Amino acid sequence: MTGEKLVNLNVNLAGLKLTNPTMLASGILGYSSETLESIAENGAGAVVTKSIGLKPRVGYANPTIVQTKCGLINAMGLPNPGIKEFVREIRATKKVLKVPLVVSIYGFSTEEYAKVAEKAVGAGADAVELNVSCPHVKETGSEIGQNPKILAQVIKAVKLKVDKPVFVKLSPNVTSIADIAETAEKAGADALTAINTVKAMAIDAETAMPILSNKVGGLSGPAIKPVALRCIYEVYERVKVPIVGCGGITSWRDAVEFLLAGASAIQMGTAIALKGANVFKTVSRGIEAYLKRKGFRSVKEIVGLSHRR
Amino acid sequence: MSAYPTAANKHRTTRLLNIKTESPTVKTFTFKDKQCAKAKPGQFLMLWIPGIDEIPLSILDADKNGTVSVAVKKVGEATKALHELKTGETIGVRGPFGNSFTVKKGKILMVGGGTGLAPLLFLAKKLALERAKIFMVMGAKTREELLFKEAFEKICGKENLVATTEDGSYGVKGLATTPLERVLAKEKFDMIYTCGPEKMMRKVFDLAETRGIAVEASLERLMRCAIGLCGSCVIGKYRVCRDGPVFTVNQLREVKGEFGVSKRDFDGKLIPLE
């Protein structure tokens, strides 16, 4: 090891200690302790559960996903067993998981967000991520995240109930994501995740029918990477809290670009379908090799670097 | 890149070429699809009934000429709508998805029930080319519901096929597992393949374990994305759509707590298997 600088992949994300900057994005797997543990074993520095609400939800009928040339469009409809049932899964997960557990939550009112967050943290969640950006369920998700007044109320209500970091996942389906980010920061968000899926749809030419049962859904995968990158670049210029980059990352190079744009950590979901679950390991090794090659010693040194170039 | 490029699997539509009535509740649908025509026994596809639903189906046959067949039992709204479609009507297809049965030579036992017999017939055709000796145990509720009996008899030989019916209208009265102990006591098998009701497969697995015989079972769970993302089909740490649907004996041991016992419901909650 003579002369060679040691590279440190550790990230402190609003108090969460990650041993590398890759995370499992919400909505992907994340129902059970076994799958979350398996993603952590594949190298994720932290995992985020599926979005959990106050009551169980069965989600939409199939087709809930459309595979297109440029990415995936999904409208699952937030299926989840409800927080009362899920606290058992959180407890079971905490017993085996060696990385931070972030519980994604949604609600149909300020009170619901606060109640679910309180229960999740009570059961052992290391942080919560507020889903205020799901583009395909009415009266929650992006309908909250697109309204600055309601968004601020939700964040404040959750902050009053929990003593763990509160992440807020932003929607790209807004006029100015930087304005929304600023609102979230002022209301007390400890970190911002950007971005959720881009509102989209698919129509079958032969039958002239919308394919998704819900008609509209959210686009993920490589197609939205440039959009996500721009969002993070804009948000970084306006807020001080850490940003978690998400949207179309499938390689270490994508991940590095997000860090350069201002993300302190990154999330992946669709990449699991494209590259396999070990994508977390290959991406963090790639980041490490990049840092070494460029003479950096930590992830922190390159966060937002593009703004200074 | 992975062996599952999602772009290559993208949604497409095709027309129904042929519909064959197999039993009072089961029809076989044949259509053209280049990608699924390359499928291996055990793999499945997602079939879209426009405006109704999209359902996972085991592949019954895949031909070099580009045609694919699936056997569908009328069990709910989606399959009822599919049964009402006519030749020439449009359906959507994604796939093929998942892994496949390993093709073993030697002495084979197959245990199948209901439409679980479909992927086993596809496999039996492939095994026959490898000159494997196949012994077949097949079960159904009634004589009319015993699927593909003639096709199996042709491959295995009449003397190597035991049929069971729950009402006793044909063959042995009982479940497919009823004659199993007797069959296993009489012959030594190198491999057991099973597909059908999960409680049946669990019994096959348990019996095989006591005798130290390798088993491969094709599992079924609620499917949504079919590409290993949504988590609807998880059993233990495995995703049935991507890590399965065919599970080896070692994997089955790992998921013993859930195999034949429970599955995840539409809301992700673990519920007992019927």
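1. Domain bounds, as used here, come from an automatic or database domain assignment. For chain B that assignment gives domain 1, residues 12–96, and domain 2, residues 107–272. The model is a predicted one, and the points below should be read as a description of that model.

2. Overall form of chain B. The chain contains 6 helices and 18 strands. Its C-alpha trace spans about 50 × 40 × 35 Å along the principal axes. A compact globule of 274 residues would have a radius of gyration near 19 Å, and chain B has 18 Å, which agrees. Of the 274 residues in chain B, 51% are buried. Among contacts between residues at least 6 apart in the sequence of chain B, 64% join residues at least 24 apart.

3. How the two domains of chain B meet. Their centres, taken over C-alpha atoms, are separated by 21 Å. Domain 1 of chain B puts 17 residues into the contact and domain 2 of chain B puts in 16. On the domain 1 side, the elements that give two or more residues are strand 3 (44–49), strand 4 and strand 6 of chain B. By class, the residues on that side of domain 1 divide into 9 nonpolar, 4 polar and 4 charged.

4. The sheet in chain B. An open sheet is formed by 7 strands in the order 4-3-7-1-2-6-5, with antiparallel pairing. Strand 4 (53–58) and strand 5 (61–62) of chain B stand at the edges with a single partner strand each, so one side of each has no neighbour in the sheet. As a general point, strands of a sheet pair through backbone hydrogen bonds, either parallel or antiparallel.

5. Strand 1 (residues 12–21) and strand 2 (residues 26–32) of chain B pair in the antiparallel sense over 5 bridges. These two strands form a hairpin, with 4 residues between them. Leu16(B) stands opposite Phe31(B) of strand 2, and the bridge partner of Ile19(B) in strand 2 is Phe29(B). Strand 2 of chain B also pairs with strand 6 (residues 67–73) of chain B, in the antiparallel sense and over 7 bridges. In that direction, Lys32(B) stands opposite Thr67(B) of strand 6.

6. The interface between the chains. Contact involves 41 residues of chain A and 32 residues of chain B. On the side of chain A that touches chain B, the elements giving two or more residues are helix 1 (33–41), strand 5 (65–67) and helix 9 (271–275) of chain A. That side of chain A has 18 nonpolar, 14 polar and 9 charged residues.

7. The largest nonpolar core. This core has 192 residues, and the members that touch the most other members are Val47(A), Ala120(A), Val128(A), Leu130(A), Leu192(A), Ala194(A) and Ile232(A). Its largest share, 8 residues, comes from helix 2 (residues 117–129) of chain B. Domain 1 (12–96) and domain 2 (107–272) of chain B both give residues to the core, so the core lies between them.

8. One core residue in detail. What does Ile232(A) touch, not counting residues up to four places away in sequence? The list is Ala194(A), Ile243(A), Gly245(A), Phe258(A), Ala261(A), Gly262(A) and Ala263(A). Ala194(A), one of these, is itself named with Ile232(A) among the core members that touch the most others.

Note on methods: Residues are numbered from 1 along each chain as its sequence is written. Chains are lettered from A and ligands numbered from 1 in the order in which they are written. This is a predicted model: local features need pLDDT of at least 70, side-chain atom pairs count only at pLDDT 80 or more; totals for chains, interfaces and linings use all residues. Two residues are in contact if their C-beta atoms, placed from the backbone, lie within 7 Å. Ala, Val, Leu, Ile, Met, Phe, Trp, Tyr, Cys and Pro count as nonpolar, Asp, Glu, Lys and Arg as charged, and the others, Gly among them, as polar. Two strands pair if DSSP finds at least two bridges between them. A nonpolar core is a set of buried Ala, Val, Leu, Ile, Met, Phe, Trp, Tyr and Cys residues joined through C-beta atoms within 7 Å. A residue is buried if 20 or more other C-beta atoms lie within 10 Å of its own, exposed if 12 or fewer, and partly exposed in between; C-beta atoms are placed from the backbone. The radius of gyration is taken over C-alpha atoms; the globule rule is 2.2 Å times the number of residues to the power 0.38.
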